[in-house]
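Dear colleague,

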Amino acid sequence: MFKSQVHQSHPIRSLFAFHNPYFHGACPTSLPVNSISFLRKTTRKHKVKVGFAPSSIKAVTNMTDKKAIGVKAVVTVKQTISSFLKNIGIEGGLDQLQDLLGRTLLLQLVSAELDPKTGLEKSKIKGYAHRISKDGQHVKYEADFEIPADFGEIGAVFVENEHHREMFVQDIVLDGLPDGPVNVNCNSWVHSKHDNPRNRVFFTNKSYLPSETPSGLRRLREEELLSLQGNGQGQRKSCERIYDYDVYNDLGDVDTDPIKKRSVLGGKDFPYPRRCRTGRPRCDTDPRYEKWHANFYVPRDEAFSEVKQLSFSTNFVYSMLRAVIPSLESTILDPDLGFPNFNAIDQLFTEGLNLTALDKKELMEIRDKFFWLRDEEFSRQTLAGLNPFTIKLVTEWPLRSKLDPKVYGPAESAITTELVEREINDVMTVHKAIMEKKLFILDYHDFFLPYVKKVRDLKGRTLYGSRTIFFLNPDETLRPIAIELTRPPMDGKPQWKEVYTHCLHSTGDWLWKLAKTHVLSHDSIYHQLVSHWLRTHACSEPYIIATIRRLSVMHPIYRLIHPHIRYTMEINALARESLICADGPIEKIFTLGKYYLEVGSVFYDQHWRFDQQSLPADLISRGMAVEDPKAPQGLRLAIKDYPYASDGLFLWDAIKQWVTEYVNHFYPKASMVESDEELQAWWTEIQTVGHGDKKDEPWWPVLKTPQDLIEVLMTIVWVASGHHAAVNFGQYTYAGYFPSRPSFTRAKMPSEDPTEENWKRFLRKPEAALLECLPSQIQATRAMAVWDVISHHSPDEEYLGDKPEPSWAENPVIKAAFERFKGKLKQVEAIIDERNADCNLRNRNGAGITPYQLLKPFSEPGVTGKGVPYSITI
């Protein structure tokens, strides 16, 4: 699975050579060796003269009648470990010769102005850059130019890589100009001219709306966008930068193993967001699917940085070596082997994973051992756990299913008025509780019920549709009062449903524990499938593709969005290849098995709406908040102590202030948004192509004014930052001890059509029934290893408000707005700490309770349970 990679100091890791699927790029990489200073200068018999010694020979034009300006260009190339290792062989030697000759990079300076006499683009000024220094990973190259006084403002730089291997160009600085240095932020892989003769163009850090583009750059702006779109034909090469759309038809090697055939996601049958097109050949056995090739294509500039590559891959290897393999060795003869007792579960957690001291501290010292058994914790995690996105207000009574009763049985819920009023001790009627917003629900009934039979037909799995009702206590905590589990008519049996409540009698108490276990499993599945993967990873990929295809890098909105789309396509490709693939870890970890992504398609079809993905809209749609101009952030929460919502609204407010200032600076007039052709093409493509299965929905927001644009951008930015952080970086903290959030249930309820023998066995050993329901040893260790990996922050993680983008820093107005944004994020950190220390906030403070920190903006590397990166990077 892993390519060989650089030596690691960890003694276990160093014994193996692993395939590394994160080093995309068949186009080799190399960097130069030190050039030799005693080489003689060379000249070319052209209009442009090139000198290797910067102080003597300079690149000039033939416009000798104008006074020239001396300009020095310094190019910074970032050296990578992979490029160093590849700098061998004949091609490596040729590249070193190019360095010795001072011809590593050919630069061409582009004027932002047209020639006033001819109306044509001015001639480019060319010059070769040679190596001058190396400092750590950074290698600098220098070129000198003589620029005519009437050349005008430099708007772009063409770069031609004379090497046989690609190189990563970080930036170009042009110094010596009358108005000061001109900076060109590149951060891009530049292919070899031997692989592709087309030169790369990099624009300066100055942002322009399409209508404001300097005349000398308009053609380049348009052509650069077209070059990124491709023509929808051919197989993509790993060194290319082509962005296009396709359906999810590459989740398994169908030709080799037909059992790995999964539903094609995207289209009429299974609507779904689109992914990046790879162009791989179609399968021989079924042309609906793509052939399975290692190293899934992503455009070259979307690949992980090397620090992130090494961090992710070695963490994955580490977890698999230290968790899964030891467990496999103990269960190889019986993969269905469960845990004999809870002590064995504790032992696996504390010893089997060999976690760092930090990880153990997070899970075993802050929490008490039996927290997950208590009703209070069961309820609290709906507001301050991994999935605070599903709890909603009860607004209709009685509860009824919307599924076809002819197929799924009677629609009426077994949770009756009398039962609810009894469980709340008759303090009020159900009608009054609904009017006073006291009843809340986790409703997984209609979502899972259509798949109950399909899942039960898979070996060792069970599933129900479920509803869980909560009552709001005076102290703003929730109390679970009833759980309904439903099985549809199947195998000749009628619909089965049963309601469980908290009970003091031992039999009822154990049934209540088992019912909660099933609900926790449902919530775990929904969290990973919908709240995490679908609503963040999958739904964001079309935004990314459209942004690159339709917004020029010069566009201010591109430069605002870009930090929020960094690395997401790479992690999504990696997920398709290694996590959500057919018979991959996710299918083995979750009860839904091979139906995992298909169920997500059902949710996308029936429930996903762009206009409900922002934090305020999501809360309002679930009845968890109402608009109130007098309330902080303009919303009044139905539950005041709702940590995700209350912290999230402070973070939302900080982000919105920043986005609002940014948009209003570049769009001072309302009409400018509607007349921005790139922006309108971007928004149209998101709706009609990237989310094309939803293109005819009436709820898509219009994009006519700056306020419209702010709302659209806030949704995209929030999903990539706050939303994703809330569902991702606490996974190991909250779910590493798997009984608290089992992703897999193996046994049905003892009360469902029990035989006399099974019922007696349950009465005799109820703990055994719970252990048989929980994941097996191998399922648990797989899950713990994956949660450990995907909860990590990389050492080079980029957090909201941490550092400004180069284009932001060069604009005084934007730089000042960013500094205000950064200051407000620090206030958010302080507010969250203050709230976690408040003993009156019982959903985030108390004995054994993990403080809610998932929306604290900043973090250290590793598993920390906090930190909000700009983008979805893991």
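The notes that follow cover the cores, the sheet, a pocket and the cavities.

This is a predicted model, in which local features need pLDDT of at least 70 and side-chain atom pairs count only at pLDDT 80 or more, while totals for chains, interfaces and linings use all residues. Residues are numbered from 1 along each chain as its sequence is written, and side-chain values use heavy atoms, with hydrogens and water left out.

Cores

A nonpolar core is here a set of buried Ala, Val, Leu, Ile, Met, Phe, Trp, Tyr and Cys residues joined through side-chain atoms within 4.5 Å; buried means under 20% relative accessible area, with a 1.4 Å probe and protein chains only. The largest nonpolar core has 169 residues, and those with the most contacts inside it are Phe440, Leu619, Tyr642, Trp658, Tyr667 and Trp682. Helix H13 provides the largest share of this core, 19 residues. (Helices are DSSP runs of H or I with at least four residues, strands are runs of E with at least two, and both are numbered from the N terminus.) A second, separate core has 28 residues, including Ala73, Leu107, Ala129 and Leu174.

Leaving aside neighbours within four places in sequence, Tyr667 is in contact (heavy atoms within 4.5 Å) with Leu209, His555, Ile557, Met672, Val673, Asp676, Leu679, Pro706 and Leu709.

Sheet

Five strands form an open, antiparallel sheet in the order E11-E12-E13-E14-E15; two strands pair if DSSP finds at least two bridges between them. Strand E11 (392-393) and strand E15 (496-500) are the edges, each pairing on one side only. Strand E14 (residues 478-487) is joined to E15 by five bridges, and Ile483 stands opposite Tyr500 in E15.

Pocket

On a 1 Å grid over the protein atoms alone, a pocket is an open set of points with protein on both sides within 12 Å along at least five of seven lines, a cavity is a set where a 1.4 Å probe fits but cannot get out, and lining residues have an atom within 4 Å of a point. Points are joined across faces, edges and corners, and a volume is the space filled by probe spheres set on them.

The second largest pocket holds about 1,300 Å³ of space. Its lining has 40 residues, of which Lys392, Lys402, Asp443, Phe603 and His607 lie nearest its centre. H17 supplies the largest share of that lining, six residues. By class, the lining of this pocket has 17 nonpolar, eleven polar and twelve charged residues; Ala, Val, Leu, Ile, Met, Phe, Trp, Tyr, Cys and Pro count as nonpolar, Asp, Glu, Lys and Arg as charged, and the others, Gly among them, as polar.

Cavities

The count comes to 19 cavities of 30 Å³ or more. The largest cavity has a volume of about 190 Å³ and is lined by 17 residues, with His532, Trp533, His537, Ala575 and Leu579 nearest its centre. H13 gives the most to this lining, with four residues. The lining of the largest cavity has 13 nonpolar, four polar and no charged residues.

The second largest cavity has a volume of about 100 Å³. Among the residues that line it are Leu251, Arg262, Glu587, Lys594 and Glu598. Its lining comprises six nonpolar, two polar and four charged residues, and H17 gives the most, with three residues.

Yours sincerely

Terms used: Buried < 20%, exposed > 50% of the residue type's maximum accessible area, 1.4 Å probe, protein only.
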